[in-house]
Amino acid sequence: MFDSLPLAPPDAILGLTEAFKHDPNPRKINLSVGVYKDEQGNTPILACVKEAERRLLASEKSKGYLSIEGHPDYAARVQELLFGPTHEVVTTRRAVTAQTPGGTGSLRVAADFLKKHFPRAKVWLSKPTWANHAAIFAAAGQQIESYAYLDAAGRGLDFAAMTAALKQIPTSDVILLHACCHNPTGIDPTGAQWQQIAAVVHERGILPLVDFAYQGFGEGLVEDTVSLSALARPGKELLVCSSFSKNFGLYGERVGALTVVAASPETAQRALSQVRISIRTNYSNPPTHGGAIVATVLGDADLRKQWELELATMRDRIHQMRRLFVETMRRKAPQHDFSFLQQQKGMFSFSGLTNVQVDELRTKHAIYVVASGGRINVAGMTRENMEPLCTAIAAIL
Ligand SMILES: Cc1ncc(COP(=O)(O)O)c(C=O)c1O
């Protein structure tokens with residue numbers, strides 16, 4: 001039977017990482033994958049995570065299954081981080097949270113849940129968006145549409161076009177919004193724009209599905225929730241797919257969450273009962289370890305403080321690399337303006353490099369960048385690789 005199978009193309013982003021691994025050039029630079037790197041080019045384990053793991057190892061008594069929706073402590077910590085401990089959606093218990101294997105697991109559970117119960121609802125994605133969004137929702141059998149996001153120059157948000165597009169989305173469709181650090185562009189709406197987006201979404205009765213994969217990587221843990229605060233209005237429904245892959249550096253542990261905000265606590269419990277079925281038929285119940293790390297760190301005042309400092313260090317390094325890149329490019333290629341990169345948030349930016357230039361960077365300089373907009377992971381830059389990187393970019397420009 002398998003003889004008839006065609007060879008599938010490699011994943012657009014993870015495939016580049018494979019190619020990078022096999023590249024023998026000692027000066028190679030990987031700006032493609034969405035993983036934080038420190039100044040030495042490593043993806044470190046946070047010290048707060050190591051300490052939480054030490055405690056867990058000393059105290060764990062069983063490797064038994066978690067419940068379908070995961071650990072209740074974890075769910076409570078997730079909600080506190082998303083909304084703040086005193087937010088109405090938390091205190092009235094109209095938010096319910098299931099622990100999932102990463103943000104991707106959360107998106108897939110949400111997609112299956114929506115497809116099963118709202119089969120006619122289309123899912124609207126920003127143009128552009130993270131490539132896996134379309135793939136995940138298509139795999140769940142959903143019809144996908146897109147809404148305008150990027151301006152013509154590819155450097156900022158076309159807010160007028162975005163809101164005009166939102167006003168055309170039919171009631172009861174689903175809109176996927178990036179809470180912060182938009183992937184792949186790094187371009188986020190302002191706080192005031194989020195208020196307007198929320199007003200349109202709720203006026204039209206569209207269901208917001210918020211992908212929150214980078215909390216704390218933009219401006220700060222609380223600052224990055226302006227989108228959620230705008231959308232979480234009294235009585236309004238919302239889905240949040242969040243992840244601790246990036247802000248805890250727990251990529252391989254697969255730690256995420258699906259939070260459903262319903263109009264009332266009773267409806268929220270009914271929604272959770274249905275989410276449980278999506279989970280049970282996908283992977284039964286979530287892995288224990290990563291969620292236990294997050295719950296341990298967030299539940300301990302000292303560890304939490306340490307985490308916030310470590311997260312700030314990652315965020316500050318990305319900001320510094322953005323500044324240094326803009327300054328270095330100004331020296332190397334003064335006729336090209338890259339200052340827009342400093343306004344963008346999180347790990348990614350659209351560099352504006354063409355597919356031909358992206359190819360040339362890889363084949364001539366062993367620099368790996370994602371095609372279609374030239375998405376670069378700013379966290380892959382270091383003080384050491386900045387000079388050769390910018391020299392190569394200036395050369396291909
Ligand atoms: C926008 C966005 N959403 C979700 C995810 C999923 O992250 P993970 O499944 O690794 O937690 C990512 C990861 O790159 C992402 O960029």
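Buried, as used here, means under 20% relative accessible area. Ala271 has a relative accessible area of 12%, so Ala271 counts as buried. Keep in mind that this is a predicted model. The ligand site comes up next: the space the ligand takes is the largest pocket, and helix H5 supplies the largest share of the shell around it, with 3 residues.

**The ligand site**

- The shell around the ligand is made up of Gly102, Gly103, Thr104, Trp130, Asn183, Asp211, Ala213, Tyr214, Ser243, Ser245, Lys246 and Arg254.
- By type, that shell splits into 3 nonpolar, 6 polar and 3 charged residues.
- Helix H5, which covers residues 102-117, gives 3 residues to the shell, the largest share.
- On the nitrogen side of things, an N or O atom in the side chain of Asp211 sits 2.6 Å from a nitrogen atom of the ligand.
- For ligand oxygen, there is a 2.7 Å distance to an N or O atom in the side chain of Tyr214.
- Ser243 also places a polar side-chain atom 2.7 Å from an oxygen atom of the ligand.
- On its own the ligand would expose 400 Å², and the protein buries 91% of that.

**Cis peptide bonds**

- As background, most peptide bonds are trans.
- Lys127 and Pro128 are joined by a cis peptide bond, with omega at about 5 degrees.
- Pro128 belongs to the loop that runs between strand S3 (123-127) and helix H6 (131-139).
- Another cis peptide bond links Asn183 and Pro184, where omega is about 20 degrees.
- Asn183 is also one of the residues around the ligand, while Pro184 lies in the loop between strand S5 (174-178) and helix H8 (191-204).

- Most residues other than glycine have a negative phi.
- Ser172 is not a glycine, yet its phi is positive at about 75 degrees.
- You'll find Ser172 in the loop between helix H7 (159-166) and S5.
- Cys181 isn't a glycine either, and its phi is positive at about 55 degrees.
- The loop between S5 and H8 holds Cys181, and that loop is also where Pro184 lies.
- Cys181 has a relative accessibility of 2%, so Cys181 counts as buried.

**Buried residues elsewhere**

- Ser32 sits in the loop between strand S1 (29-30) and helix H2 (47-59).
- With a relative accessible area of 0%, Ser32 is buried.
- The side chain of Ser32 makes a polar contact with the side chain of Asn30, at 2.5 Å.
- Leu46 is found in the loop between S1 and H2 too, and is buried because its relative accessible area is 4%.

**Sequence versus space**

- Ala271 is part of helix H10, residues 265-280.
- Ala271 and Ala95 are 176 residues apart along the chain, while their C-alpha atoms are separated by 10.0 Å.
- Leu46 and Ala8 are 38 residues apart in sequence, with 36 Å between them in space, C-alpha to C-alpha.

Key:
Residues are numbered from 1 along each chain as its sequence is written. This is a predicted model: local features need pLDDT of at least 70, side-chain atom pairs count only at pLDDT 80 or more; totals for chains, interfaces and linings use all residues. Side-chain values use heavy atoms; hydrogens and water are left out. A residue is near a molecule or strand if one of its heavy atoms lies within 4 Å of it. A polar contact is a pair of N or O atoms within 3.5 Å; within protein, one must be able to donate a hydrogen and the other to accept it, and residues adjacent in sequence count only if both atoms are side-chain atoms. Accessible areas come from the Shrake-Rupley method with a 1.4 Å probe; for residues, only the protein chains shown count as cover. On a 1 Å grid over the protein atoms alone, a cavity is a set of points where a 1.4 Å probe fits but cannot get out, and a pocket is an open set with protein on both sides within 12 Å along at least five of seven lines; lining residues have an atom within 4 Å of a point. A molecule sits in a cavity or pocket if more than half of its atoms lie within 2 Å of its grid points. Helices (H or I, at least four residues) and strands (E, at least two) are DSSP runs, numbered from the N terminus. Ala, Val, Leu, Ile, Met, Phe, Trp, Tyr, Cys and Pro count as nonpolar, Asp, Glu, Lys and Arg as charged, and the others, Gly among them, as polar. Buried means under 20% relative accessible area, exposed over 50%, partly exposed in between (1.4 Å probe, protein chains only).
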